[in-house]
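Here's a quick tour of one model. Have the sequence and the 3D view open as you read.

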Amino acid sequence: MVNGKNSSRSTITLYSYNCLEYCPEEEVGPGGGESCEGIRYWSVASDWDNNKVPEENDDVIIRSNCVYIFDVYMTPVLQSVTVYGTLIWKNNATDLSLTMN
C-alpha cells in the first residue's frame, strides 16, 4: 500500500509479490473469487464496482483478479490505493499523477 505519509521521499519504490500456490486471504484481497472480465480503465466509471471513478478521499482497492490501466493525468487526492491485482500505467504516458494524502 502506498499512502503518501512519508513526505521526506521524492520517489516511491513499489514491490510486487505473487502467490504461486496457496495464497492467504489477506494476500488475495477482497473479491478474490469474483471475476474481473478483461482489462479495466481507471477513467471508466462502469469499470469500478460502484460505477464511479475514485473521488477525493476514497480508499481505492484493486481486487486480486483485476487489471486496471491508469489512464488519467491527475486523480483527486485519494486516501489510499491498495493493489491486490494489477495496476499498469498507460503506455507512453509521461505526465500521469496518482495523488494521495
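## Ground rules

This is a predicted model, where local features need pLDDT of at least 70 and side-chain atom pairs count only at pLDDT 80 or more, while totals for chains, interfaces and linings use all residues. Residues are numbered from 1 along each chain as its sequence is written, and side-chain values use heavy atoms, with hydrogens and water left out.

## Strands side by side

Strands here are DSSP E runs of at least two residues, numbered from the N terminus, and two of them pair if DSSP finds at least two bridges between them. S3 (residues 67-70) runs parallel to S1 over three bridges, and S3 also pairs in the parallel sense with S5 (residues 86-89), this time over four bridges.

Tyr68 in S3 is a handy landmark: Arg40 stands opposite Tyr68, and Tyr68 in turn stands opposite Leu87 in S5.

## A greasy bit of surface

Ile39 sits in S1 (residues 39-41). Together with Tyr41 and Val44, Ile39 makes a nonpolar surface patch with about 250 Å² of accessible area. Accessible area is Shrake-Rupley with a 1.4 Å probe, and for residues only the protein chains shown count as cover. Patch members have over 30% relative accessible area and no salt bridge, with nonpolar side chains (Val, Leu, Ile, Met, Phe, Trp, Tyr) joined within 5 Å and like charges within 9 Å. A salt bridge puts a side-chain nitrogen of Lys or Arg within 4 Å of a carboxyl oxygen of Asp or Glu.
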